[in-house]
Amino acid sequence: MKKTTNLRSLAARLIEQVVDKGQSLSAILPAAQKSLNDKDSALLQELCFGVVRTLPQLDALIGKLMDRPMTGKQRTIHYLLMVGIYQMLYTRIPAHAILAETVEGAVVLKKQSLKGLVNGVLRQFQRRQTELTESLEGQSVNLWHPSWLLKRLQVSWPEQWQQIVQANNLRPPMWLRVNRQHNTRDQWLELLNAQEMTGTPDMLSGDAIRLEKPAGVTQLPGFTDGWVTVQDLSAQRCAQYLTPENGEDILDLCAAPGGKTTHILEIAPEANVLAVDVDAQRLSRVTENLGRLGMHAEVRQGDGRTPALWCAERQFDRILLDAPCSATGVIRRHPDIKWLRRDSDIDELVRLQSEILDAIWPYLKPGGTMVYATCSVLPEENHKQIAAFLERHEDAKAEALPGGEKYGLQVFPQELGGDGFFYAKLLKNA
């Protein structure tokens with residue numbers, strides 16, 4: 001791919017794969033960025049994530065500018081128009097550059113006959129931008145969420161749903177985890193300041209720092225030597241609540257990509273950790289992360305519903321189950337979740353979580369601790385799931401977490417805080 005790559009047409013193709021073909025941006029974007037320089041790579045990511053984040057608003061605006069939507073083989077042009085309008089609304093790119101590059105995108109997409117249409121629609125939007133955006137005020141399209149998810153949030157969290165939606169629509173802050181085996185957090189902050197970068201420590205999580213401005217990992221002091229890891233604040237709390245200790249046998253189930261595995265080992269470097277995940281491709285990232293931090297854990301592929309196949313009769317002092325979930329708490333980080341997930345998925349995920357919980361519970365030693373976590377804000381996957389589990393297992397009880405309720409702690413995404421997450425700390429009778 002050359003420097004002259006038309007990023008608008010590339011973004012349109014990627015967005016089409018997400019919306020119409022159900023592909024994940026996390027899966028397809030990195031391959032598209034490989035041959036781009038850093039500046040173009042960042043712009044492509046901004047265009048893709050931005051359009052996917054604001055999709056309903058852009059769709060509605062195009063609907064006011066065109067008599068009929070683009071369909072069939074012309075559908076990619078619909079997404080190209082979205083890319084153009086998104087730039088006018090949310091970037092500082094000069095209008096003349098937006099028009100030139102987006103119109104040229106139609107040529108690259110082999111739709112030269114539609115150049116005039118693209119130019120006309122974008123120029124019309126440029127003239128009518130204020131009028132058109134004001135016409136959408138008060139409409140649900142401005143919430144940028146599918147109707148099924150809005151309904152679930154409104155029913156589940158009548159007082160908090162607007163806060164959740166607003167946070168989902170923001171760009172996420174960049175959180176770091178300082179490796180306490182190399183530096184204290186204050187020591188590493190001094191190294192960061194020496195690079196003329198600033199960060200804010202979190203008062204509740206002793207290893208966490210929020211960067212004032214997101215930066216590439218190569219700019220972070222000691223990153224290649226394992227001194228620091230990029231990990232959201234809420235994700236860091238999983239190992240914190242697990243309270244691992246040296247010498248213990250610990251299972252990190254659904255471990256990929258390994259952020260929590262390595263955090264466990266930073267807290268308890270002499271623990272015997274087994275990291276398991278069903279996805280072999282993602283599991284390779286656990287090994288990569290362990291290597292960067294110079295750590296050792298046993299890594300195995302396995303399904304959480306059939307633990308006998310990968311750990312025989314072995315039992316564990318502590319288990320971290322970061323369960324498969326709807327990921328409705330990390331939408332701001334992965335906005336395509338809104339359009340890839342379906343309402344019908346939730347019941348299937350709840351069943352899967354229940355099956356894994358029941359299957360792995362016998363592998364926790366009497367007197368042991370299990371932390372169940374999800375990056376979801378839906379009660380069915382969280383406190384309702386734990387309430388049902390406790391009814392089925394008389395040898396289990398939930399330990400209250402600071403700020404939590406009877407069955408666990410639910411946190412919502414915060415503008416300058418962590419992602420949406422749920423945690424339950426389960427103790428097994430001795």
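Welcome to a predicted model, in which local features need pLDDT of at least 70 and side-chain atom pairs count only at pLDDT 80 or more, while totals for chains, interfaces and linings use all residues. Residues are numbered from 1 along each chain as its sequence is written, and side-chain values use heavy atoms, leaving out hydrogens and water.

Helix α4 covers residues 55–65 and helix α7 covers residues 115–135; helices are DSSP runs (H or I, at least four residues) and strands are E runs of at least two, numbered from the N terminus. Their axes come within 10 Å and cross at roughly 115°. That makes α4 roughly perpendicular to α7, given that 65 to 115 degrees counts as roughly perpendicular, under 35 as roughly parallel, over 145 as roughly antiparallel and the rest as oblique. Axes here are lines fitted to C-alpha atoms, over the stretch in contact for helices, with angles from 0 to 180 degrees between N-to-C directions.

From α4, the residues making the contact are Leu61, Lys64 and Leu65. They meet Val121, Gln124, Phe125, Arg128, Leu132, Thr133 and Ser135 of α7, where contact means heavy atoms within 4.5 Å.

## A proline in α4

Helix α4 also holds Pro56. Is this proline buried or exposed? With a relative accessible area of 17%, Pro56 is buried (under 20%; exposed is over 50% and partly exposed in between, with a 1.4 Å probe and protein chains only).

Apart from neighbours within four places in sequence, Pro56 touches Val141, Trp144, His145 and Trp339.

What does Leu25 touch, not counting residues up to four places away in sequence? The list is Val18, Pro30, Cys48, Phe49, Val52 and Asp336.

Helices α11 (residues 233–242) and α12 (residues 259–267) have axes that come within 9 Å and cross at roughly 45°. They are therefore oblique to each other, and their crossing is right-handed. Ala235, Gln236, Cys238, Ala239, Gln240 and Leu242 in α11 meet Lys260, His263, Ile264 and Ile267 in α12.

For α8 (residues 147–156) and α9 (residues 161–168), the axes come within 8 Å and cross at roughly 140°, so this pair is oblique too. Leu150, Leu153 and Gln154 of α8 contact Trp161, Ile164 and Val165 of α9.

## Backbone details in the loops

Most residues other than glycine have a negative phi, and most peptide bonds are trans. Lys110, in the loop between α6 and α7, has a positive phi near 65°. This lysine counts as exposed at 76% relative accessibility. Ala312 has a positive phi of about 50° and sits in the loop between α14 (308–311) and β8 (316–322); at 44% relative accessibility, Ala312 is partly exposed.

Finally, a cis peptide bond joins Ala256 and Pro257, with omega about 10°. Pro257 lies in the loop between β5 (249–253) and α12.

Key:
A crossing is left-handed if the near helix is turned anticlockwise from the far one by less than a right angle, and right-handed if clockwise.
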